[in-house]
Amino acid sequence: MRVVLAEDLFLLRDGLVRMLEAFDFEIAAAVESGPELTKALAELRPDVAVVDVRLPPSHTDEGLQCALAARRARPGLPVLVLSQHVEQLYARELLADGTGGVGYLLKDRVFDAAQFVDAVRRVAAGGTAMDPQVIQQLLSRRSSDQPLGALTPREREVLELMAQGRSNAAIASQLVVTERAIAKHTSNIFGKLGLPVSDDDNRRVLAVLAYLDQGR
């Protein structure tokens, strides 16, 4: 699996390269600036891009904007964004085109290599990997909506885990219930939110995220 990595801090960039290579990823390029990222994504066509939000020369949202431009040129390009903070605008822009292969992780909340590698693989496969704090903020922004208010506490818990990119099996394992129980909860959630039911985990997650992203 070929990765383009963009991170301006040398020690962090080098550490990410070594970690990903240890898990058999091929680093197609490891760059430190927006222009370098734009060139690498266009020329190397990686399987996934792992991108810091703030890159030179602007040190604002250069990394994200480069990734979004690359996704417009190559729809569906898997992008995993790394950030220091929860920025709803960044999350919304990333989700705006409604295609798969997106992730948003907070640097100080990635606690081990396995967690990060799982997120990269999930995004590369067309899935999602969203930090729980990002989901919490998206939910809180719509907390007054009547459909969300109709969810039971358990259904809301399942919704949050689903929006993070978890499968029914993973949710059932975390909540210590059966997959059948989770399937019933997800069916109820989709019914209350007026969303089309799907057996495809990625399509289901994207539908939930698109719903949470409405009304910006």
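Leave aside the neighbours within four places in sequence, and D52 touches A6, E7, D8, G63, L64, L82 and K107. Keep in mind that this is a predicted model.

Let me stay with D52. Where does it sit? D52 is in strand β3, which runs over residues 48–52. Is D52 buried or exposed? Its relative accessible area is 6%. The cut-off for buried is under 20%, so D52 counts as buried. There is also a record here. UniProt, in an unreviewed entry, places "modified residue: 4-aspartylphosphate" at D52. So the position that carries this annotation in UniProt is a buried one in the model.

Now the overall picture. The protein chain has 216 residues, and 46% of them count as buried. It holds 11 helices and 6 strands. Take the contacts between residues at least 6 apart in sequence: 65% of those join residues at least 24 apart.

Next, the loop that leads from β3 to α3. Helix α3 covers 62–73. Two things to look at here. One is a cis peptide bond, between P56 and P57, with omega about 10 degrees. P57 lies in this loop. The other is H59, in the loop between β3 and α3 as well. Phi of H59 is near 55 degrees, positive, and the residue is not glycine. H59 is partly exposed, at 42% relative accessible area.

Another positive phi belongs to D24. Its value is near 70 degrees, again in a residue other than glycine. D24 is in the loop between α1 and β2, where β2 is 26–31. At 69% relative accessibility, D24 is exposed. What is the C-alpha separation of D24 and M1? The answer is 7.8 Å, for two residues 23 apart along the chain.

On to helix packing. I have two pairs.

First pair: α1, residues 10–22, and α5, residues 113–124. Their axes come within 11 Å and cross at roughly 80 degrees. The two helices are therefore roughly perpendicular. From α1, the contact uses L16, M19 and L20; from α5, it uses A113, F116 and V120. By class, that is 6 nonpolar residues, no polar and no charged.

On the α8 side we have R154, E155, V158, L159 and M162. They meet I182, H185, T186, N188, I189, F190, K192 and L193 of α10.

Last stop, helix α9, residues 168–175. Its buried residues are N168, I171, A172 and L175. Why do they share a side? They cover an arc of only 100 degrees around the axis, which puts them on the same side of α9. An α-helix has 3.6 residues a turn, so residues three or four places apart point the same way. Just after α9 comes V176, with a positive phi of about 55 degrees.

To close, back to the start. D52 is buried, it ends up in contact with K107 among others, and UniProt marks it as a modified residue. That is the site I would open on screen for the discussion.

Note on methods:
Residues are numbered from 1 along each chain as its sequence is written. This is a predicted model: local features need pLDDT of at least 70, side-chain atom pairs count only at pLDDT 80 or more; totals for chains, interfaces and linings use all residues. Side-chain values use heavy atoms; hydrogens and water are left out. Axes are lines fitted to C-alpha atoms, for helices over the stretch in contact, and angles run from 0 to 180 degrees between N-to-C directions. Helices (H or I, at least four residues) and strands (E, at least two) are DSSP runs, numbered from the N terminus. Angles under 35 degrees count as roughly parallel, over 145 as roughly antiparallel, 65 to 115 as roughly perpendicular and the rest as oblique. Contact means heavy atoms within 4.5 Å. Ala, Val, Leu, Ile, Met, Phe, Trp, Tyr, Cys and Pro count as nonpolar, Asp, Glu, Lys and Arg as charged, and the others, Gly among them, as polar. Buried means under 20% relative accessible area, exposed over 50%, partly exposed in between (1.4 Å probe, protein chains only). The arc is that of the directions from the helix axis to the C-beta atoms. UniProt positions are given in the numbering used here, feature names are shortened, and annotations may be inferred rather than shown by experiment.
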